[in-house]
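Have a look at the sequence and the model first, then read on.

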Amino acid sequence: DLSLSEMELTVLPDILKDINVDGNFYCGNNKLTSLNNVPNSIRGSFVCSSNELTSLEFAPTSVGRNFDCSHNELTSLEFAPKTVGGFFDCRYNPVKFTEKQVRAVCNVKGDVYV
């Protein structure tokens, strides 16, 4: 697992973009406005909740377990991962997304929380 949560980050370190995370990647509870430099591959869960994200651009294409982008400023699901092995949580954003909208852009194996 790699946790960069609660570090007051406004950007993710450049070094991350070339790594693979076999476990979970946490970057929640920061001040991120972009997912630029997110690791290539995340086999576990990807948690970017409680930031200031307005877009999912640069999100991983595939997440092995859960994807949590709740508590942000998202108005679109464009650039969401293509596949998520667990749940997809996009609650508490300015737009109240529907499960149908999530499943239209992402193959979610688990529950969808809207």
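## Start in the core

The largest nonpolar core has 30 residues, and the ones touching the most other members are Leu12, Phe25, Phe46, Leu56 and Phe88. Keep in mind that this is a predicted model.

**The core and its neighbours**

- Nonpolar side chains in soluble globular proteins tend to end up buried together.
- Take Leu12, one of the residues that touch the most other core members. Leaving aside neighbours within four places in sequence, Leu12 is in contact with Leu4, Phe25, Cys27, Leu32, Leu35, Asn36, Asn37 and Val38.
- One of those contacts, Phe25, is also on the list of core residues touching the most other members, and Phe25 turns up again among the aromatic rings.

**Aromatic rings**

- How many aromatic pairs does a search of the whole structure find? The count comes to four.
- One of them joins Phe67 and Phe88 in a tilted arrangement, with 5.0 Å from centre to centre and 45° between the planes. This pair links distant parts of the chain, since Phe67 sits in strand 7 (residues 67-68) and Phe88 in strand 9 (residues 88-89), 21 residues apart.
- Are Phe67 and Phe88 buried or exposed? Phe67 is buried at 0% relative accessible area, and Phe88 is buried too, with a value of 0%.
- Another pair, Phe87 with Tyr113, is edge-to-face: the centres are 5.3 Å apart and the planes make an angle of 70°. Here too, distant parts of the chain are linked, with Phe87 in the loop between strand 8 (83-84) and strand 9, and Tyr113 in strand 11 (residues 112-113), 26 residues apart.
- Phe87 counts as partly exposed, at 27% relative accessibility, and Tyr113 is partly exposed as well, at 31%.
- Which residues make up one aromatic cluster? They are Phe25, Phe46, Phe67 and Phe88.

**Salt bridges**

- Side chains of opposite charge can pair when their charged atoms come close. This structure has five salt bridges, and here are some of them.
- Asp14 pairs with Lys17, with 3.1 Å between the closest N and O atoms. Asp14 is partly exposed at 47% relative accessible area, and Lys17 is partly exposed at 35%.
- Asp22 and Arg43 form another salt bridge, at 3.2 Å from N to O. Asp22 is in the loop between strand 2 (20-21) and strand 3 (25-26), while Arg43 is in the loop between strand 4 (41-42) and strand 5 (46-47), so this pair ties together parts that are 21 residues apart in sequence.
- Asp22 is exposed, at 57% relative accessibility, and Arg43 is exposed, also at 57%.
- Arg103 and Glu99 meet in a salt bridge at 2.8 Å, N to O. Both belong to helix 1 (residues 99-105), where they are four residues apart, or about one turn of the helix.
- Arg103 has a relative accessible area of 36% and is partly exposed; Glu99, at 38%, is partly exposed too.

**Cysteines**

- A disulfide is a covalent bond joining the sulfur atoms of two cysteines. How many disulfides does the structure hold? It has zero.
- Cys106 is in no disulfide either, as the nearest cysteine sulfur, in Cys69, is 9.7 Å away.
- Cys27 is buried at 0% relative accessibility, and Cys106 is buried with a relative accessible area of 3%.

**A buried loop residue**

- Where is Asn24? It lies in the loop between strand 2 and strand 3.
- Asn24 counts as buried, with 11% relative accessibility; the buried class covers values under 20%. By contrast, Asp22 in that loop is exposed at 57%.
- Leaving aside neighbours within four places in sequence, Asn24 is in contact with Asp1, Leu2, Gly44, Ser45 and Arg65.

Definitions and conventions. Residues numbered from 1 in each chain as written. Predicted model: local features only at pLDDT ≥ 70, side-chain atom pairs only at ≥ 80, totals over all residues. Heavy atoms only, no water. Disulfide = S-S within 2.5 Å. Buried < 20%, exposed > 50% of the residue type's maximum accessible area, 1.4 Å probe, protein only. Salt bridge = Lys/Arg side-chain N within 4 Å of Asp/Glu carboxyl O. Helix = DSSP H or I, 4+ residues; strand = E, 2+ residues; numbered from the N terminus. Contact = heavy atoms within 4.5 Å. Core = buried A, V, L, I, M, F, W, Y, C linked by side-chain atoms within 4.5 Å. Phe/Tyr/Trp six-rings, centres within 6.5 Å; stacked < 30°, edge-to-face > 60°.
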